[in-house]
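Have a look at it first, then try each task before you read its solution.

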Amino acid sequence: MSKIKKIFTNLRVIILLAVILFAVVAVNPHPFNKGVTIRNVILNSSASLAGIESPKPTASPMSKERIISINNKPINNVLDYYSFEASLKQNRTVSIKTDRGTYRLITKYKTETIVLNETINETITHEVDVTEIVNGTKVNKTINKTEVITVPKTITKVYNDSIDLGIRVYNAPTTNIRKGLDLQGGTRVLLEPEEKISADEMEIVLSNIKQRLNVYGLSDIVVRTTADLSGNQYILIEIAGVNEEEVKELVARQGKFEAKIGDNIVFKGGNDIPYICRSADCSGIDPNTGCSQTNGQWFCRFRFSISLSPEAAERQAELTENLDIVTEGQQDYLNETLDLYLDNQHVDSLNIGAELKGRAITDIQISGSGMGTTEQAALFESLKNMKRLQTILITGSLPVKLNIVKTDAISPALGEKFVKNAFFIGFLAIVGVSLIVFLIYRRIEISLSIIITVIAEVILILGVAALIGWNIDIAAIAGIIIAIGSGVDDQIVISDELLRKEQQIFFNWKQRIKNAFFIIMAAYFTTVVAMLPLMRAGAGLLKGFAITTIIGISVGVFITRPAFAAVVEILLKDKL
Amino acid sequence: MSEENNNNEGRFAKNKQISKLLEGYDKNYKKLLIIPIVMLILSIGVISYKYSTTGDFVEKDISLKGGITISIPSKDVDVDSLKTYLSSEFPGSDISVRTLTRLGEKIGITISASDIGSNELLNSLKTKLGDLDYGVEEMGSSLGKSFFKETFIAILFAFLFIVIVVFFYFRQPIPSLAIVLSAFSNMVVTLAIINLIGVKLSTAGVAAFLMLIGYSVDTNILLSTKVLKRKGGEVIDRIVNGMKTGLAMTSTTVIAIVIAYIFSQSAALSQIMLILIIGLLMDVLNTWVQNAGILRLYLERRTKNE
């Protein structure tokens, strides 16, 4: 009995227990957590109108809002949620209960809305409380007041076969550990600039990509740079939970905009275009051509005006001076067109009016088109294209062309299976190792201490990961395996150095502990220095592995190993 | 010490057979040293042959070569019919379809191709199999190449740093170099065996080689500490003493890794485990025969010079 007391009053063991407690709090495990957690809320959806908000991407997993039931029917997983959503009809009221409160939502059909860069005036009526003086007494009164406000114009496409509450969910997490993309599913894109760019330019590229992704309303996005040992630069984009083909295309697009006559550039995106019109009077579907149908396909043309810098206007004057005038129908045009290119791809060609010949005009109209099987679809597509072109012209072009060097789309089912499998393997491995240890030493105390320290170490590593917001992915799991493997090795060294008869002949207890830690520290330092070059190698693909290994073996060497040695000493010193 | 031994106990161990074996190990250490040297030379031969015929040290899989891998976690897909379907869809393309198994039970399939676009392949799979859970990984060939080169540089740096730390610890250049030589031959021999059994190396496999350096250095440091830093007994006693600890370390690690190899459901994890199993077994030879032999030769030379 006194031995147990001795163990729990030993300073090293107390430190270990305190740190484990701290790690458990950081991990915050709730193994029976049910429900679905909100990943993001679509703007203007039923959910966002009811006051449900998107969580911040930096929020820890357990602190994100969790849906418990809808209409008093418990929602236990993603399948429950989406099958419930599919059963809904339009214009009904549903009540969603989350861990923060209850919301009342009115169901709407699934829609796809794009916010245009132009604005419109909208008349709205709302109630205001006013105080009037009637016959010398103050009377509180509510009156309707009409106001005209300016709002961004939107266009909406309605899918009247399905209901969308506007919430994107995933199965509620049971701990604060952030799973890497390969364990939770999602899309990862690795981009490489075509030529080397400076740190400032890289900043521009990153903020530009973030801005473009924000335009598409995606949350839970990581955009960061990584490099490798040869100094190659990469940009890593991770979007959890979704598989967005369009995003891939959008982020890799340089947005290099050029207007050419023949092979000569008249103006480019950026400094040549100081102003881009986004209001309704000079941007939108072209009122002159509108939409038309040919061969069963609808075409809609958009246009918006821009202003050119004086230098660009001058260039246009020079290039048009020597062109010939041709007559087409009633109109006189120049014999060459102004060709618009986006990322070296032809977007549109514009006829140049004969009156512009040789003149430095600063106001120009940019146009393009959209295609669809119905007029509505073509209209939608056309405005989407306009919006994309405007976004690129406004956010500016990237200083360099980006190449997609690696993309991963990971299905969430694969990740879930992997985690379960990893736990199963871990459990069996611990059983196997403790059996072997028992066969070697024939002492149940050592096997038990090793099992306990291994479990303690896993908890500590996960605690550190939860605390610093480090993602646990497959590479990190490999790192944890290394850390635990060398942990078991070190404990065998301690046991052997302390308990072997040969050691007892030459060294006293203190020296034997010193001997053991000499070997352990040498092994620790060599492993750490071997991991250092990996942190920067190969576009950061091995960084997770290297960092988790270093965290794991450091935790082991400085916290669990001293405690293990103390426990072995207390339990077995007098038995020798 | 030897006086204490009675007839039932040998010099090094209680069990007579084991003790005999260790006596042989003691007497013939110079002859035994030939085994790892021959293996290293043969391995370099295998790798050079591979390099001269294919232009690469080892066969690389899609994740290092560039290309696309699609994994489908479904039991119901028939591999053979999928193979014939895909080769008729994409004639002349380099497509491989493999089954993922766990304990002999099929758990899914993976399809790899190096010269087809991901959308094309995915669309044709969807027409054949319908909407399933597809995991898609696409690696640009330039990144694969630079990743391999990068890891190579990282390993060189890792070796350099290890030499510095080990030299700082033992303050003797030859034993320090012997540790790195042991880790190096461990990697080379493992790479040669991987080549011979026809494993296609993936990025995960590269990580396994790095893990191997760590494990290999651990056992070698144990040996060097016992031989160089400890007093008492003869050198061979201290080596055998260290070997008991070292083999206990290796056997626990191997048992954990074999379990992981048998039950793993992920191709990446299986490859890591396979490489580690081979490497750890080779490490026994590299540490307790090669490095121990070199250390004994070194100590003999040193006492002679004194």
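Among the contacts in chain A with a separation of 6 or more, 74% are between residues 24 or more positions apart; a contact means two C-beta atoms, placed from the backbone, within 7 Å. Before we start: this is a predicted model, where local features need pLDDT of at least 70, side-chain atom pairs count only at pLDDT 80 or more, and totals for chains, interfaces and linings use all residues. Residues are numbered from 1 along each chain as its sequence is written, while chains are lettered from A and ligands numbered from 1 in the order in which they are written.

**Exercise 1. Find out whether strand S1 of chain B is enclosed or open.**

Step one is the location: S1(B) covers residues 67-72. Strands here are DSSP runs of E with at least two residues, and helices are runs of H or I with at least four, numbered from the N terminus.

Step two is burial. A residue is buried if 20 or more other C-beta atoms lie within 10 Å of its own, exposed if 12 or fewer, and partly exposed in between. Six of the six residues of S1(B) are buried, so the strand is largely enclosed by the rest of the structure.

Step three looks at the faces. In a regular strand, side chains alternate between the two faces of the sheet. Gly67(B), Thr69(B) and Ser71(B) sit on one side, with Ile68(B), Ile70(B) and Ile72(B) on the other, and both sides are covered.

Step four is the partner: S1(B) runs antiparallel to strand S3 (residues 105-113) of chain B, joined by five bridges (two strands pair if DSSP finds at least two bridges between them). Ile70(B), for one, has Ile111(B) as its bridge partner.

**Exercise 2. Work out the strand order of the open sheet of four strands in chain A.**

Start with the order, which is S14-S13-S21-S22, with antiparallel pairing. The edges are S14(A) (264-268) and S22(A) (345-350), each pairing on one side only.

Five bridges link S13(A) (residues 257-261) and S21(A) (residues 338-342), and Lys260(A) has Asp339(A) as its bridge partner.

Finally, look at what covers the strands: helix H8 (residues 310-321) of chain A lies across S13 and S14, at about 155 degrees to S14(A). Such angles run from 0 to 180 degrees between N-to-C directions, with axes being lines fitted to C-alpha atoms, for helices over the stretch in contact.

**Exercise 3. Describe how helices H2 and H11 of chain A pack.**

First, the geometry: H2(A) (residues 11-27) and H11(A) (residues 444-468) meet at about 50 degrees, with their axes 8 Å apart. They are therefore oblique to each other; angles under 35 degrees count as roughly parallel, over 145 as roughly antiparallel, 65 to 115 as roughly perpendicular and the rest as oblique.

Next, the residues: H2(A) contributes several, including Leu16(A), Ile20(A) and Phe22(A), and those from H11(A) include Ile459(A), Leu460(A) and Gly463(A). Sorted by class, this contact has 14 nonpolar, one polar and no charged residues.

**Exercise 4. Which helix of chain B gives the most to the side that touches chain A?**

Count the residues first: 57 come from chain B and 59 from chain A. Then go through the elements on the chain B side: H7(B) gives the most, with 15 residues.

Technical notes
Ala, Val, Leu, Ile, Met, Phe, Trp, Tyr, Cys and Pro count as nonpolar, Asp, Glu, Lys and Arg as charged, and the others, Gly among them, as polar.
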